[in-house]
Amino acid sequence: MKRPALGFLALLLLATSAVAQEFRGVVQGAGATFPYPLYARWAYEHAALSGVRVNYQAIGSGGGIAQIKAQTVDFGASDAPLTPEELREAGLVQFPMVIGGVVPVVNLPGIGPGELKLTPELLADIFLGKVQQWNDARIAEVNPGLKLPKQRITVVHRSDGSGTTWIFTHYLDQVSAAWHEKIGVGKAVEWPVGIGGKGNEGVSAYVQRVKGAIGYVEYAYALQNDLAYARLRNQDGYFVAPTIESFQAAATHAQWEKAPGFYMVLTNQPGEDSWPITGASFILVHKEQKDCPKARAMLEFFDWCYRHGEKVAVELHYVPMPLGVVDLVEAMWEREIRCGGKPVWERRR
Amino acid sequence: MTFDTASTSMRSKVRTPSRAIRAGRAFACFDRPFHWLALSAAMSLLGLLIAIGIALVWRSELSLRTFGLRFLVQSVWDPVRHQFSALTSLYGTIVSSVIGLALAVPLSLAIGFYLAELAPPPLASFFGTAVELLGAIPSIIYGMWGLFVLAPIMADQIQPAIQSVLGSLPLFQGPPMGIGLFTAGVILALMVIPFVSSVAREIFTMVPAVMKESGYGIGATKWEVVRGVTLRYGLSGIVGACLLGLARALGETMAVTFVIGNRHAISLSLFEPGNSISSTLANEFTEASEPLYLSSLIELGLVLFVLTLAIQTISQLWLRRVERSMGGVR
C-alpha cells in the first residue's frame with residue numbers, strides 16, 4: 001500500500017520540480033477585487049506545492065486592464081470581458097477563470113430568503129423607479145400568498161465603479177427596453193433612483209439598515225450576511241434560486257465555442273435551471289510572452305486552479321468553471337499563446 | 001502644552017543666556033547653510049503646491065476642453081454616455097461642510113472656553129486630552145461608526161423628531177433613512193470639533209489676563225467679557241481655527257463616503273442622499289478606465305483644489321481688513 005503512494009509522490013515531485021527548476025520567481029497579477037480572496041488562496045496553496053509564487057493585487061478591473069496593457073504585470077484580471085477588437089489591439093487573450101452570481105436582496109419584515117419572486121421586467125422597473133411600493137399590484141401578482149407590506153421601496157446600488165454593477169446592468173439592459181434606452185450598461189451608470197453603498201459590504205449594510213430596501217450583491221455576501229435574496233424568473237420562464245448549481249448551469253448552457261475571444265457574458269442564458277444574472281471573471285495575458293519559463297509556470301498555475309482548485313472555490317462561495325469550458329480555454333492557450341515563436345502550452349497526453 | 005508655561009520658560013531663557021548658547025557661537029558658520037536649508041524646505045512646499053496645480057490642470061485637459069464651463073453648472077453624471085459635470089458634487093461638498101461647521105463651531109468655542117477659563121485645571125487637562133484623542137481617530141472609523149451606529153439613531157430618533165417639528169420646511173422632506181447630507185454633516189462636525197476646540201482653547205488662554213480683568217473691573221458680566229474681550233481679541237485666531245476645520249471638512253473622504261448616500265443628484269432636502277467631490281473620487285477612481293471619465297474625475301479634484309485655495313485667500317484678505325479696523329491689536 002505504501003509503495004504505490006510513494007511512487008505517486010515521487011512522480012508528483014518530478015512533475016512539479018520540472019517547472020520549479022526552470023522558474024523560481026514571482027508571477028505578478030493585478031485586477032478585479034471580486035475574485036481576490038480566491039486568487040490569493042489559490043496562489044498560497046499552489047505555492048506550497050510547486051514553489052512558484054503568484055502575487056495578485058486587487059486594484060480593480062480598470063487598473064488590471066491598464067497594467068496588463070502597460071506590461072507591468074504578467075496577467076490582468078477583469079470582471080467584464082474585453083471585446084475581441086480591444087483584445088486584438090492590445091495583443092491580449094482572455095479566458096474566464098471563475099463564475100460569480102449577482103443576487104437581488106431585500107429587507108422586508110417577515111419575508112425570508114427565496115420567498116419573494118420577481119420577474120425581469122419587475123426588477124428593471126423597480127430599479128428605474130417606476131414601481132415604488134412593495135404592495136404594488138404587479139409584485140402581488142407574481143407573489144400570490146405572500147403578505148407584502150405597504151412600504152416604500154428604497155433602491156440600493158453600488159456607488160463605486162464595479163464589475164458587479166456591470167453584470168447587473170448588462171442583465172437589466174437585455175430584459176428591459178426602457179432600461180436600454182435610458183440607462184445602458186456600465187461599471188457605473190446614472191441611477192434614476194436610490195442610494196449608493198461602497199462595495200458589496202456597503203450595499204449589504206444599507207440593505208440591512210433600511211426597511212423596504214432592495215439591492216444587488218455578489219452571492220457570497222448574500223450568504224455571509226444572511227440577506228433575503230429574491231428568486232428570479234429566467235429566460236425559460238422558471239423561477240430559480242441563486243445557488244452554485246444554478247450559476248454553473250448558466251455557464252454550461254452558454255455557447256462558449258461560438259464566442260470569439262471568450263467574449264461571453266453569462267446574463268440571461270437559456271436553460272430551465274440557469275440563474276439569469278451570472279457572470280465570469282476573466283484573466284488577461286499577452287499573446288506574445290517574453291519569459292518562456294515564467295509563461296509556462298503561469299499557465300501551469302491556472303491549469304492547477306481549474307482542475308484542483310474546485311474545493312477551495314466552493315468553500316469560499318465561488319463557482320468553479322465547468323470542465324467542458326476549461327478544455328476550450330486550454331485549447332485556445334495552445335493555439336494562441338506563443339513564446340519565441342513556439343506554443344507555451346501543450347495539451348496533456 | 002499651554003501657552004503660559006511655554007512663554008514663562010522662554011522668558012527665563014532670554015534673561016540668562018545659557019552656557020549652551022554661548023558655546024554655540026563657535027558654530028556660527030552653520031547659520032548660513034541652515035538659513036538656506038530652511039528656505040529651501042519652505043520653497044519646496046510652495047513648489048509642491050504649484051506642481052499639484054499644474055498636474056491637475058494637465059491631467060484634466062481633456063475634460064476641460066470637452067465640457068468647458070458647462071462642467072461647473074450642469075448636474076449630469078452619466079458614465080455610460082460620457083457626460084460629466086461637477087455641480088452635484090460641489091453642492092454636496094459645500095452643504096455637508098457648512099452643516100458640519102454650523103454644528104461644530106459653536107460647540108467647539110464653548111468647549112475651548114470651558115477648558116481655558118471655567119474648568120478646574122486637573123479637569124481641564126483631562127478633558128483637553130480626551131478631545132485631542134478624538135482628533136487622532138482615523139476617518140474610516142468615524143465612517144464605520146457613522147454607518148452602523150449613528151445612521152440607525154438618525155433614522156429612528158433624530159430625523160423623525162426634526163420632522164415632527166420642522167417637517168413642513170423643504171429642508172427636511174423625504175423618508176428618514178439616516179443616510180444623506182445631514183448625517184454626513186453631523187459626522188463632519190464630530191471630526192472637526194477636536195481641531196477647532198483645541199485651537200480655540202489655545203487662543204483663549206493667550207488673551208492677557210489684564211484685558212479680561214479690566215473688563216470685569218468696569219462691571220462686565222462673564223458673558224460680556226467673553227463676547228467683548230476674549231472673542232474679539234482672539235477673532236483672527238478663531239477664524240483661523242474655523243478655516244482649519246473647514247479645510248478638513250471639505251476634503252474629508254472616507255467618513256463622508258460611508259454616510260452621504262452617494263447619489264449624483266441635487267435635492268433641497270438635507271435628508272436625501274447626495275455626494276461630495278472627495279466621495280465621488282473615492283468611489284469612482286479605481287474603475288474609471290475611459291480617458292474622459294478619468295479626466296473628469298481629475299477635474300473634480302481641480303475644482304476642490306481651487307475651492308480650498310479661494311476660501312483660504314478670501315479669508316486671509318478679510319482677516320487683514322478686520323485686523324486693521326481693530327487698530328492692529330494683534
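Predicted model: local features only at pLDDT ≥ 70, side-chain atom pairs only at ≥ 80, totals over all residues.
Chain A contains 14 helices and 16 strands. The C-alpha trace of chain A extends over about 65 × 55 × 35 Å along its principal axes. Among the contacts in chain A with a separation of 6 or more, 72% join residues 24 or more positions apart.

Between the chains, 28 residues of chain A are in contact with 23 residues of chain B. On the side of chain A that touches chain B, two or more residues each are given by helix H3 (61-69), strand E7 (195-197) and helix H9 (199-209) of chain A. H3(A) provides the largest share, 5 residues. By class, this side of chain A consists of 11 nonpolar, 11 polar and 6 charged residues.

Within chain B, helix H6 (residues 87-118) packs against helix H12 (residues 235-251) at an angle of about 140°, and the two axes are 9 Å apart. H6(B) and H12(B) are therefore oblique to each other, and the crossing is right-handed. On H6(B), the contact is made by Thr93(B), Ser97(B), Gly100(B), Leu101(B), Ala104(B) and Val105(B). H12(B) contributes Cys242(B), Gly245(B), Leu246(B), Ala249(B) and Leu250(B). The residues of this contact comprise 7 nonpolar, 4 polar and no charged.

Conventions
Residues numbered from 1 in each chain as written. Chains lettered and ligands numbered in written order. Axes fitted to C-alpha atoms, helices over the stretch in contact; angles between N-to-C directions. Helix = DSSP H or I, 4+ residues; strand = E, 2+ residues; numbered from the N terminus. Parallel < 35°, antiparallel > 145°, perpendicular 65-115°, else oblique. Left-handed = near helix turned anticlockwise from the far one by under 90°. Contact = placed C-beta atoms within 7 Å. Nonpolar A, V, L, I, M, F, W, Y, C, P; charged D, E, K, R; others polar.
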